[in-house]
Amino acid sequence: SVYPEERENMIPEGIDGIARIGLLFLDGDDFEEVLIDQEAHTDYRFAPFNRLRRCLSKIEVLDPQLDVSAILWRFIPGNSYVAEPIIVGNALPQTGWRRIYAGPMLRQAYLTGGRAVQEYGAGCASYYYGFRNSDQDIVGVLELLVGRGYRKDVDSNEMFMEPVAYADDED
């Protein structure tokens, strides 16, 4: 076993060090198998989902000094302009849980497999890293969201029903 003071010296500093460790353990093959239907986004295979989620949770606590949320993004097959967060550690990304138009930094990480950074201001930033399967194909993007200061969780109203606008009714 490793003593806590030794553990601190084993982890490379900063977000890139955390990402390097995380990318070693993220299984791209599990990521490709996690969805039962690739066109839908709510039906998961539990074994790969749990392995990936456990990995994200461990990534988030590698450096207790940093406020890190880990998110795995999937791009819609055949459309590298649309992405959605499939698995999250402790919080949702800035955009929530829905499919989005993939911004330039998210797309860059997906297309190149490299690192890209999206700054939000006030010390908050998303660090994107493409990750691969066993065939070395880029299958998704790991986002490390740093410095947000709060956790954005899934609200059941947001997830399961569309908002309805009601006319003012005096009755």
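Which residues does Glu143 touch, not counting residues up to four places away in sequence? Keep that in mind while you set up the view. The model on your screen is predicted.

**Stop 1: Glu143**

Select Glu143, which lies in strand S6. Show its side chain and then its surroundings. Glu143 touches Ser69, Ala70, Ile71, Trp73, Pro93, Tyr120, Ser126, Tyr127 and Tyr128, leaving aside residues up to four places away in sequence. Is Glu143 buried or exposed? Buried means under 20% relative accessible area. Glu143 has 1% relative accessibility, so it counts as buried.

The side chains of Glu143 and Trp73 are joined by a polar contact of 2.7 Å. Another polar contact, of 2.5 Å, links the side chains of Glu143 and Ser126.

**Stop 2: strand S1**

From Glu143, step across to Ile71, whose bridge partner in S6 is Glu143. Then select strand S1, residues 68–76. How many of the residues of S1 are buried? The count is 9 of 9, so the strand is mostly covered.

Show S6, residues 138–146, beside S1. The two strands run antiparallel and are joined by 6 bridges.

**Stop 3: the hairpin**

Next select strand S2, residues 79–88. S2 is also antiparallel to S1, and 6 bridges join the two. To find a pair across these strands, pick Arg74, which stands opposite Glu84 in S2.

Follow the chain from S1 into S2. The two strands form a hairpin with 2 residues between them. In the turn, select Gly78, which has a positive phi of about 85 degrees.

**Stop 4: helix H5**

Move on to helix H5, residues 104–112. Colour Leu106, Arg107 and Ala109, which are buried. These residues cover an arc of only 160 degrees around the axis, which puts them on the same side of H5. An α-helix has 3.6 residues a turn, so residues three or four places apart point the same way.

Turn the view to the other side of H5, where Pro104 and Thr112 are exposed.

What do the buried residues of H5 pack against? Their partners are S1, S2, strand S3 (100–101), strand S4 (115–121), strand S5 (124–132) and S6. Show these strands together with the helix.

**Stop 5: the end of the helix**

Conventions
Residues numbered from 1 in each chain as written. Predicted model: local features only at pLDDT ≥ 70, side-chain atom pairs only at ≥ 80, totals over all residues. Heavy atoms only, no water. Buried < 20%, exposed > 50% of the residue type's maximum accessible area, 1.4 Å probe, protein only. Helix = DSSP H or I, 4+ residues; strand = E, 2+ residues; numbered from the N terminus. Pairing = 2+ DSSP bridges. Arc of directions from axis to C-beta. Contact = heavy atoms within 4.5 Å. Polar contact = N/O pair within 3.5 Å; in protein donor to acceptor, adjacent residues only side chain to side chain.
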